[in-house]
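Have the viewer open as you read.

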Amino acid sequence: MKLDVNALGTFYRMAREGAGLAAGRLTHMTGVETQVGVTKLNFMRGREIQRDFEDSTEKVGVRVKLTGAIEGYSMIVFERENAFRIVETLLAESDDAEIDVEGGEFDEMTRSAATEVGHIMNSGFIDGWADVLETVIDVSTPEFVQGATAEPFFGEINEAPDDDDLALLFQSRIETVGTEVGFSHYLFPKRESMSALLDRLRTSGGIEYDKLDGFDRMAERGAEEVAKTATTLTGIDTSVEIRRLNFVSLEAIPEQVADQKLVGVAFEFDGMPSGYLLFLFDEESAHEIVDAMVPMEVDEDGFGEMGTSAIKELGNIMASGFLDGWANVLDTTIDHSTPEFIHDMGAAAVDPVIIQLGENQEFAFVFDTVVVADGREFDCEVYAIPDEADLERALNNLDVDRIEETPTTAEFQEVNNS
């Protein structure tokens with residue numbers, strides 16, 4: 001199975017079109033204004049999908065089986081309380097619709113209403129895909145699912161990936177304006193069905209799927225190296241919590257960034273591949289880093305000359321660890337620029353990178369990672385955004401057998417805080 005940017009771009013437009021139709025139908029049903037949140041094509045391993053579900057939150061889903069141009073399963077997933085809120089809105093005019101949002105059980109009426117909502121949402125997504133593909137996709141009778149783990153939702157679905165398997169997953173989120181109600185959408189396509197669609201839509205040579213799988217594993221090792229580096233330099237025990245490969249439009253990347261004041265460093269890297277690398281911290285995490293790395297009083301906001309220098313130094317060495325691992329496995333050279341310090345609000349922190357990339361491409365593969373500190377406030381979001389043409393050339397030359405054999409450890413000196 002081969003991937004190319006044109007085919008994935010079509011899939012992305014399918015996801016956006018479907019999300020728009022689904023949002024409109026939810027508004028029509030409930031009278032509540034809705035908007036499309038983040039839409040992504042995620043390349044996720046089975047264990048990462050399970051982690052999405054296993055957060056101790058009760059969830060409700062509506063699942064349908066697809067046949068025709070796309071075969072597989074489409075599923076709408078609500079947090080339990082959100083499902084009750086939507087059902088409460090639908091049944092507001094019924095005298096019998098007294099619903100306990102905080103923990104009541106679904107009875108026959110509320111279960112039927114939730115299933116109807118989920119089915120109409122699923123149909124919205126699927127109709128959007130069919131419109132873009134100019135084809136027909138058939139939908140089975142909807143099935144109501146609930147639980148607090150992944151098992152009830154996709155344990156019996158053969159199309160769902162095993163723990164270590166990489167799957168292309170459509171993921172969209174719709175939010176109701178002014179309320180806390182939202183839900184996620186998942187598509188688990190059959191591999192053969194997806195492969196046939198990709199072949200139909202592909203316009204270039206494309207990337208072999210196992211090469212992308214290999215690059216994903218390589219990026220995972222790079223992220224682990226970043227965590228080790230952060231531990232060594234700051235003395236704060238850190239680990240990689242979440243890491244996945246997304247295919248998104250460039251304009252959607254700022255939507256994913258937290259709407260708060262961020263501190264970080266940005267790099268441009270050059271070689272095979274070239275692109276951009278960003279490390280972003282919330283302000284509190286950045287203060288923790290400065291306190292750990294600078295053994296003396298710093299400016300009141302923590303980001304004066306010494307604070308800025310500490311953040312840049314950490315970012316510089318983490319970048320080397322991340323990119324050197326890529327270069328070793330790809331048997332190439334990747335150089336990166338000096339670190340550029342960032343201290344700005346949310347989307348503004350990534351806008352300069354998006355503008356630069358937008359001159360030559362519409363979409364991007366984005367490796368996003370969260371590095372967390374055990375027991376302390378230290379969250380670091382890592383965005384690695386390679387140039388799409390360079391990435392295709394690099395991956396076509398990738399020997400996947402080298403990934404586990406090649407060391408990724410970068411050499412660096414520990415910071416002397418004495």
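Contact here means heavy atoms within 4.5 Å. Among contacts between residues at least 6 apart in sequence, 77% join residues at least 24 apart. Before going further, a bit of housekeeping: this is a predicted model, where local features need pLDDT of at least 70, side-chain atom pairs count only at pLDDT 80 or more, and totals for chains, interfaces and linings use all residues. Residues are numbered from 1 along each chain as its sequence is written, and side-chain values use heavy atoms, with hydrogens and water left out.

The protein has 13 helices and 16 strands; these are DSSP runs, numbered from the N terminus (helices are H or I with at least four residues, strands are E with at least two). Of its 418 residues, 54% count as buried, where buried means under 20% relative accessible area, exposed over 50%, and partly exposed in between (1.4 Å probe, protein chains only).

**Aromatic rings**

A search of the whole structure turns up 9 aromatic pairs. Rings of Phe, Tyr and Trp (its six-membered ring) pair if their centres lie within 6.5 Å; planes under 30 degrees apart are stacked, over 60 edge-to-face, and the rest tilted. Two of these pairs are set out here.

| Pair | Centre to centre | Angle between planes | Type |
|---|---|---|---|
| Tyr12 and Phe363 | 5.6 Å | 70 degrees | edge-to-face |
| Phe84 and Phe106 | 4.3 Å | 15 degrees | stacked |

Why does the pair of Tyr12 and Phe363 tie together parts that are 351 residues apart in sequence? Because Tyr12 sits in helix H1 (residues 5-30) and Phe363 in strand E15 (residues 363-373). Both Tyr12 and Phe363 are buried, and together with Phe247 they form one aromatic cluster.

The other pair spans 22 residues of sequence, since Phe84 belongs to helix H3 (residues 80-90) and Phe106 to the loop between H3 and helix H4 (108-133). Phe84 is buried at 1% relative accessibility, and Phe106 is buried too, at 11%.

**H1 against H4**

How do H1 and H4 cross? Their axes come within 7 Å, at roughly 140 degrees. The axes are lines fitted to C-alpha atoms, for helices over the stretch in contact, and the angles run from 0 to 180 degrees between N-to-C directions. On the H1 side the contact includes Met14, Leu21 and Met29, and on the H4 side Ile120, Phe125 and Trp129 are among the residues involved. By class, the contact has 14 nonpolar, 5 polar and 5 charged residues. Ala, Val, Leu, Ile, Met, Phe, Trp, Tyr, Cys and Pro count as nonpolar, Asp, Glu, Lys and Arg as charged, and the others, Gly among them, as polar.

**Two buried polar side chains**

Gln361 is in the loop between helix H11 (351-357) and E15, and is buried at 8% relative accessible area. A polar atom of the Gln361 side chain lies 2.8 Å from the backbone oxygen of Phe363, the residue that pairs with Tyr12. The side chain of Gln361 also reaches the backbone nitrogen of Glu388 at 3.3 Å. Not counting residues up to four places away in sequence, Gln361 touches Leu250, Pro386, Asp387 and Glu388.

Ser274 is in the loop between E11 and E12 and counts as buried at 13%. Its side chain makes a polar contact with the side chain of Asp390 at 2.4 Å. A polar contact is a pair of N or O atoms within 3.5 Å; within protein, one must be able to donate a hydrogen and the other to accept it, and residues adjacent in sequence count only if both atoms are side-chain atoms. Leaving out residues up to four places away, Ser274 touches Phe269, Pro386, Asp387 and Asp390.

Most residues other than glycine have a negative phi, and most peptide bonds are trans. A cis peptide bond joins Met272 and Pro273, with omega about 10 degrees; Pro273 lies in the loop between strand E11 (261-271) and strand E12 (275-282).

Phi of Glu134 is positive, near 55 degrees. Glu134 is in the loop between H4 and strand E5 (137-139), exposed at 75%. Asp331 has a positive phi near 55 degrees, lies in the loop between helix H10 (305-330) and strand E13 (334-336), and is exposed at 64%.
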